[in-house]
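Biologist: I would like to learn how to read a model of this kind, beginning with the contacts inside a chain and moving on to the interface. Could you take me through it step by step?

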Amino acid sequence: MLWKGMIINMANKKTKWTIIDTIIVLVVLAALAVVFVKFGPNLTKKASNEKVSFTVMLQSREPELVEAMAVGDSVTLSLTEKDGGVITDIQSEPATQLSFNSIEGEYTNETVDSRVDAYVTIEADCEVTDEYIKTGDTLIKVGVDIPVRGKGYATSGYVIKINE
Amino acid sequence: MIIDKNGKIGGKFSVVDLAVILLVVLVLAGIAIRYGSKITTAVESKTRFECVIRVNSVREYTVDALKKGGKLTDKKSEKILGEIKNVEVEPHKSQVTTADGQIKFVVPPERYNCYVTVEFTGKESDQSYILSDSNELSVGSVSEIYTKYVKTSGDVLSIDVVD
């Protein structure tokens with residue numbers, strides 16, 4: 001009975017469209033348009049999940065760090081996310097550094113004692129689009145410095161190669 | 001009192017009505033301040049311009065990644081700013097001072113300069129070229145380069161409007 005009374009009251013009540021109603025509708029439409037412009041491209045973006053292999057260069061590091069790493073290790077590739085990958089290859093060589101000889105007036109690559117350059121290849125589940133390759137929140141691009149944290153070691157290095 | 005027993009001002013507007021009007025006025029004022037500046041006046045939208053960016057002293061890894069081409073994006077890889085059209089590579093020459101005080105240009109091993117030609121779509125005003133991420137593009141400034149495969153930066157050498 002109560003519901004029936006309410007419906008009758010609502011039906012009898014004359015509703016009047018005012019300028020204020022129009023403004024509210026316009027504000028809501030404008031807000032929706034802003035949200036679509038801001039987030040629309042991300043909603044329509046096509047991303048695929050793929051395993052991507054990439055190489056991280058650890059330059060001029062203590063040999064002990066590289067010895068602590070092993071093929072098959074699970075590594076985390078960001079400071080906060082748990083997403084990560086698996087080490088599939090490790091290559092190391094004596095570290096070299098570009099050095100300027102002011103007497104001869106030339107640059108040479110000089111070996112750095114007691115340091116190694118390591119090239120760590122990692123395979124990770126990534127979100128791949130035409131614009132980016134991402135694992136968790138970490139963008140994988142040549143030139144980006146990313147964390148590499150495994151059991152008992154933590155370091156970071158530059159991505160130098162992506163094998164998509 | 002102006003407010004009557006029904007809570008309306010002058011018998012017509014309620015406090016909520018006034019709040020809505022105030023909100024709309026504030027939004028319009030915000031839009032006017034944001035987009036009414038000198039930089040964005042007389043803006044011509046969707047202009048295509050070709051730009052050459054020199055990326056200095058990089059290793060072959062960066063060269064290879066740039067040569068893969070593709071779209072240029074903003075820092076978060078969310079907005080597309082343009083597309084790489086060409087990449088030319090030359091050995092990097094570094095200015096040095098020798099022990100006897102001479103200034104020379106020498107070529108360090110395994111370092112390259114890349115001349116990256118990019119076609120941007122943005123806006124052109126009387127005073128500036130503006131990219132889709134609202135950053136200005138100017139000859140002499142440093143421009144960040146983000147593609148699917150690489151993050152680097154370089155000096156803007158030239159900007160030409162494409163017909």
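Biologist: What share of the contacts in chain A with a separation of 6 or more comes from residues 24 or more positions apart?

Modeller: In this predicted model, residues 24 or more positions apart supply 62% of those contacts in chain A. The chain has three helices and eight strands, and along the sequence they run in the order α-α-β-α-β-β-β-β-β-β-β.

Biologist: How many of the residues of chain A count as buried?

Modeller: Buried is taken as under 20% relative accessible area, and 31% of the 164 residues of chain A count as such.

Biologist: Where in chain A is confidence lowest, and where is it highest?

Modeller: The mean pLDDT of chain A is 86, with 87% of its residues at 70 or more, but helix α1 (residues 2–12) of chain A has the lowest mean, 53, whereas helix α3 (residues 63–68) of chain A has the highest, 95.

Biologist: How many residues of chain A are in contact with chain B, and what area is buried between the two?

Modeller: On chain A 32 residues are in contact with 31 residues of chain B, and the two chains bury about 2,600 Å² between them, 61% of it on carbon and sulfur atoms.

Biologist: Which side chains meet in a salt bridge there?

Modeller: One salt bridge is found across the interface, between the side chains of Glu131(A) and Lys71(B), at 3.9 Å from N to O. Elements giving two or more residues to the side of chain A that touches chain B include α2 (19–44) and β4 (106–128) of chain A, and by class that side has 19 nonpolar, eight polar and five charged residues.

Terms used:
Residues are numbered from 1 along each chain as its sequence is written. Chains are lettered from A and ligands numbered from 1 in the order in which they are written. This is a predicted model: local features need pLDDT of at least 70, side-chain atom pairs count only at pLDDT 80 or more; totals for chains, interfaces and linings use all residues. Side-chain values use heavy atoms; hydrogens and water are left out. pLDDT is the predictor's confidence in each residue, from 0 to 100. Helices (H or I, at least four residues) and strands (E, at least two) are DSSP runs, numbered from the N terminus. Contact means heavy atoms within 4.5 Å. Buried area is the accessible area (1.4 Å probe) that two parts lose on being put together, summed over both. A salt bridge is a side-chain nitrogen of Lys or Arg within 4 Å of a carboxyl oxygen of Asp or Glu. Ala, Val, Leu, Ile, Met, Phe, Trp, Tyr, Cys and Pro count as nonpolar, Asp, Glu, Lys and Arg as charged, and the others, Gly among them, as polar. Buried means under 20% relative accessible area, exposed over 50%, partly exposed in between (1.4 Å probe, protein chains only).
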